[in-house]
Amino acid sequence: MPAASSFGLPPLLGVSQLIRALSLLGRSGVPLVAVQSKVTRHHTRNIARVPHSQITNGLAAHLTRAAASAASLRPRSATEDSIQPLPEVSPDALPIVSIGDNKVAIGWDTRTWSRFHNIWLRDHCRCPKCFHAITKQRLVNTFEIPHDITPVTVQPKAEGLEVKWPSSDSHISLYPWAWLQQHSYDPVIHKTDAEKDKVLWGKKIEKSPPTVTYEEAMSEDDRGLFKWLTNIDKFGFSLVQGVPPTPEATEELVERIGFIRETQYGRFWDFTSDLAKGDMAYTTIALGAHTDTTYFTDPCGLQVFHLLSHTDGSGGASLLVDGFYAASILKELYPDAYDVLSNVRVPAHAAGEPSALYRPSPPSGYPVLSHDPVSGELTQVRWNNDDRSVMSHLGPQLVEEWYSAIRAWNECLTSPDSEFWIQLQPGTAVVIDNHRVLHGRSAFDGKRRMCGAYVGVDEYRSKLAVLREKFAPDAVLRTTNELPMAVANGRNIWNSAL
Ligand SMILES: C[N+](C)(C)CCCC[C@H](N)C(=O)O
Ligand SMILES: O=C(O)CCC(=O)C(=O)O
């Protein structure tokens, strides 16, 4: 096995030199050509990674064209990209590695190579001296690493890249290949990431809304829980059928996900239209599609509703709208409005009770549409027109533009093709991702009793991550779980979240 080490290759220089160096190594059957200019990054601000065929919309005439092109907003798929997801490294075709001035280069295949700064590699050493395998916390003293540190040797091993560092105790680090691919930052390598598989939906979701049974959700082996949370992650909501129509059973159901988030409405709520809390939810009035707790710095992550009973009256149907879908339509039809909603901060308040006065920090609030600053993807919708505070910070030049933008947004949200109406019955709970799916209800009369709770977004995401680790391990876990010293205290030190 030819090993490229500091004496095997010149420092990283021009592409042609690298090509020559690599071909000199004569690795049979695996010619490596480093063509970095072919590496392109994804364009930014995508709504979601959604295959066209998965968009379940049924748009009215005026939205049909928009939906078709909204689907085209998705990032290019792996096959359209110049970079394919990289295959798992096999022991008989190891990557080629070389030391450059201040970086180590890894040639993955004929077209793709990654470079890692020496200091970055040293700082990310996961040997027991540098990383506490049980607590998953860093032990290495980052600030003692010489900023010009250079490996003595780099060796491709079956398990990963082995780096020998210049130190009296001859420190050796090993970085699994899949882990290096996953964390490649120069260039960022395309990842097929299950977390990105969102399915945007419209009214047609009513034909087959994502559902699990109570038995599945409560089953001890956690598979049903995984299915449930995966539904929420993909669609932004999931029904749970067959729930005993009691607050106790519903509370237990919520606790399967994580800690209940207590708020001014209580921990677990059991409410009717008695205005027990100073909020319109506690009346019989219709509520348009909104997200909850827009007045919190950190709005609640999940919201669970379970209709326990409704007697002596009618109405009170539940409304769900996929905010990511509505945003994709807005972006297509009214790109300027999309920008306004992505940038203008909206203040909000909860002030119906004398004992509480909630506003977000900063008090100017947050934009209706928030994006991941790294990927540009839409991450959160915050919208409750009822709870909006005074828009005094807009500036005179923006006032009309702002009102036009929210009018367009409202049009996308209230289009019959965006709205999924469902008449809940005792026994069917609905769990909603409050950062994505808006909810509302029609007006009603009679006595209607609803119970439910909030769960913090971090609780829900943590539980989903743990279940993924168990039931849908990614390439890094699949290839490193068997490595000696990789798994300590039930978790792999190479888990991509660390
Ligand atoms: C769900 N529960 C009935 C407890 C409270 C409802 C709060 C609704 C409020 N306007 C908001 O958007 O936060
Ligand atoms: O009463 C309902 O069905 C929903 C109430 C609501 O929208 C809320 O509590 O935020």
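**Confidence**

I looked up pLDDT, the predictor's confidence in each residue, from 0 to 100. The protein chain of this predicted model averages 85, and 82% of the residues score at least 70. Residues 1-82 fall below 50. Beyond near neighbours in sequence, that stretch still has 175 contacts in the model (contact: heavy atoms within 4.5 Å). I noted ipTM 0.98 and pTM 0.84.

**Ground rules**

I kept to residue numbers from 1 along each chain as its sequence is written, with chains lettered from A and ligands numbered from 1 in the order written. Local features need pLDDT of at least 70, side-chain atom pairs count only at 80 or more, totals for chains, interfaces and linings use all residues, and side-chain values use heavy atoms, with hydrogens and water left out.

**Ligand 1**

I found 15 residues around ligand 1 (a heavy atom within 4 Å). The closest are Asp-279, Thr-293, Tyr-295, Asn-384 and Asp-387. I then checked N or O pairs. The side chain of Asp-279 places an N or O atom 2.8 Å from a ligand nitrogen. Asp-387 has a polar side-chain atom 2.9 Å from a ligand nitrogen.

**Helices α9 and α10**

I took α9 (residues 335-343) and α10 (residues 399-414) next. Their axes come within 9 Å and cross at roughly 105°. The two helices are therefore roughly perpendicular (65 to 115 degrees). Ala-337, Val-340 and Leu-341 of α9 meet Glu-401, Trp-402, Ala-405, Ile-406, Ala-408 and Trp-409 of α10. By class, I logged 8 nonpolar, no polar and 1 charged residues in this contact.

Methods
Axes are lines fitted to C-alpha atoms, for helices over the stretch in contact, and angles run from 0 to 180 degrees between N-to-C directions. Helices (H or I, at least four residues) and strands (E, at least two) are DSSP runs, numbered from the N terminus. Angles under 35 degrees count as roughly parallel, over 145 as roughly antiparallel, 65 to 115 as roughly perpendicular and the rest as oblique. Ala, Val, Leu, Ile, Met, Phe, Trp, Tyr, Cys and Pro count as nonpolar, Asp, Glu, Lys and Arg as charged, and the others, Gly among them, as polar. A polar contact is a pair of N or O atoms within 3.5 Å; within protein, one must be able to donate a hydrogen and the other to accept it, and residues adjacent in sequence count only if both atoms are side-chain atoms.
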